Amino acid sequence: MPYDPSPLPGSAPEYKAHIVLVPAQYARESMTWPSHMESVSPLFSELSSRAKKGGSLDGYAISLSEGDASLPEAQPAWDPHRDKAMRPPPSQVAEDEMYWLYAYNDQGKFVTWPEPISLRTLPSGPTLRTTLERMWKEAKDTKEAHIYVCTHGMRDCRCGVVGTELLHTLRDQVAQHADTCKQDNKAPAKQVRVMSVSHVGGHKWAANALVYPHGDWYGNLRTSDAPLLLRAALAPASSRHDLDDLRERLVLWPRWRGRLGLTQAEQREHMNEWGPPVVYTAHITPRARGGPSAAPSQVPLRFRSYAGEWFEVMGTIGESLMEVARRHDLPSIEATCGGSLECATCHAYICDAQKNDPMARGDLTQKPAKAEQLFGTTELSDDEDDMLEYAITRKPSSRLTCQVRVTQALSDWMMKEGGRVELNQY
Ligand code: FES
């Protein structure tokens with residue numbers, strides 16, 4: 001499906017908080033959702049009317065998710081063709097249907113209502129809002145992150161198709177990440193849950209996903225974005241906006257629509273201020289004064305893609321491996337921050353060949369035997385080390401390629417001893 005080219009930043013609706021109802025008794029699969037959830041869920045309908053202008057939840061977004069797939073299916077199931085103008089008939093079963101209420105605010109806080117609620121047990125009037133505000137105030141930072149993908153196919157088939165693909169890919173990605181952490185004997189930075197969500201607005205930018213409690217909304221997503229979306233979810237979720245806030249560095253800027261708590265104008269300004277630079281940094285080789293211009297010293301370098309394709313390309317001594325990779329359009333080096341050590345999207349492995357098979361994927365499990373000689377002063381710094389914590393598949397040979405300079409020694413090692421840059425899968 002082609003991307004919609006209209007600008008994404010500033011396209012997220014202006015909300016202060018978001019409530020997501022998660023079915024607690026039955027699985028309510030997104031394929032059973034009609035175009036308007038008000039027509040089937042009395043609780044959703046009530047909360048949506050409170051969220052209208054002047055209502056007790058003014059400024060809140062209200063959505064619904066599927067619920068755990070292991071729950072029994074509801075009897076009767078919702079009718080996906082139910083007309084949007086219809087309201088659910090009075091039915092004790094429907095009114096007693098229980099949901100977990102997840103609530104996120106614009107300060108990066110997430111709370112769950114202490115027990116499942118139904119329309120009958122919903123606090124009346126402003127009590128819900130005041131209680132949530134108190135709960136957010138008291139909430140500690142959570143080690144959980146939630147990625148909601150809009151899969152609401154009866155609202156717009158683009159969300160049903162591209163959203164569902166993205167949802168499955170993200171779930172695989174989360175499982176892979178958990179396996180990698182297990183192998184490395186490390187706990188994941190966060191427990192990430194990937195859930196479907198009903199219509200959030202902006203179908204033309206399908207697939208749309210929300211990363212909470214960070215509060216970031218993304219659009220025009222494809223399955224290839226899953227690793228970077230996961231990385232954004234694994235990042236800290238504070239609400240400060242400064243360069244010490246790792247979250248700002250790890251936002252998936254090319255797909256960013258906006259954030260809870262920002263007006264649409266602020267979202268656009270925020271993108272201008274914090275988004276990737278328009279012009280990437282370029283290495284300029286100074287000319288020797290008063291003589292013929294010195295030819296830059298070019299050396300051959302070897303990169304290998306995750307799929308096993310070899311690239312032998314020329315690099316200029318002194319430039320970064322990231323700049324070489326980008327100039328030759330090599331896969332998997334996105335370099336969103338342009339080399340300022342603020343994104344980790346230039347992550348790759350610099351490693352020796354496997355002893356028994358020099359053409360296979362290199363030995364990622366250790367840094368090159370000659371690391372000191374090869375990297376010299378560009379050996380792993382503390383800042384790079386910190387930023388690498390946010391690379392999804394970090395290994396002992398991991399480096400941020402924007403931090404590694406091309407040298408004669410690096411080229412010799414690659415050409416004579418089988419050293420290489422192993423590119424990532426993404
Ligand atoms: S390009 Fe962003 S950290 Fe290297």
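## Strands E5 and E6

In this predicted model, strand E5 (residues 144-150) and strand E6 (residues 191-197) pair in the parallel sense over 7 bridges, where strands are DSSP runs of E with at least two residues, helices are DSSP runs of H or I with at least four residues, and both are numbered from the N terminus. Two strands are said to pair if DSSP finds at least two bridges between them. Within E6, Arg193 is the bridge partner of His146. E5 is mostly covered, with 6 of its 7 residues buried; a residue is buried if 20 or more other C-beta atoms lie within 10 Å of its own, exposed if 12 or fewer do, and partly exposed in between, with the C-beta atoms placed from the backbone.

Residues are numbered from 1 along each chain as its sequence is written. Because the model is predicted, local features need pLDDT of at least 70 and side-chain atom pairs count only at pLDDT 80 or more, whereas totals for chains, interfaces and linings use all residues.

Two residues are in contact if their C-beta atoms, placed from the backbone, lie within 7 Å; not counting residues up to four places away in sequence, Ala209 touches Ile147, Tyr148, Val149, Leu166, Tyr218, Leu221 and Leu229.

E7 pairs in the antiparallel sense with strand E8 (residues 216-218) over 3 bridges, and the bridge partner of Ala209 in E8 is Tyr218. The two strands E7 and E8 form a hairpin with 3 residues between them, and Gly215 in the turn has a positive phi of about 95 degrees.

## Asp216 in strand E8

Asp216 lies in strand E8, and this residue counts as buried because it has 25 C-beta neighbours inside 10 Å. Leaving aside neighbours within four places in sequence, Asp216 is in contact with Val211, Ala232, Val251, Trp256 and Arg259. Asp216 and Ser196 are 20 residues apart in sequence, and their C-alpha atoms are 16 Å apart in space.

Helix H5 (residues 226-234) is mostly covered, with 9 of its 9 residues buried; among them are Leu228, Leu229, Leu230 and Arg231. In soluble globular proteins, nonpolar side chains tend to be buried together.

A nonpolar core is a set of buried Ala, Val, Leu, Ile, Met, Phe, Trp, Tyr and Cys residues joined through C-beta atoms within 7 Å. The largest such core in this protein has 102 residues, of which Ile147, Val149, Leu170, Ala209 and Leu229 touch the most other members. H5 gives the most to this core, with 7 residues, and the core draws at least three residues from each of domain 1 (17-274) and domain 2 (298-423).

## Two domains

The protein is divided into domain 1 (17-274) and domain 2 (298-423), with bounds that come from an automatic or database domain assignment. The centres of the two domains, taken over C-alpha atoms, are separated by 37 Å, and the contact takes 12 residues from domain 1 and 8 residues from domain 2. On the side of domain 1 that touches domain 2, the elements giving two or more residues are helix H4 (157-183), H5 and helix H6 (246-250), and the largest share, 5 residues, comes from H5.

## Helix H11

The buried residues of helix H11 (residues 408-417) are Leu410, Ser411, Trp413 and Met414. Seen down the axis of H11, these buried residues fall within an arc of 160 degrees, so they line one face of the helix; the arc is that of the directions from the helix axis to the C-beta atoms. What covers them includes strand E10 (298-304), helix H9 (371-375) and strand E14 (420-422), while the face turned away from the buried side carries the exposed residues Gln408 and Lys416. Just after H11, Gly418 takes a positive phi of about 80 degrees.

## The whole protein

The protein has 11 helices and 14 strands, and buried residues make up 42% of its 426 residues. The C-alpha atoms fill a box of roughly 85 × 50 × 40 Å, taken along the principal axes. Among contacts between residues at least 6 apart in sequence, 72% join residues at least 24 apart.
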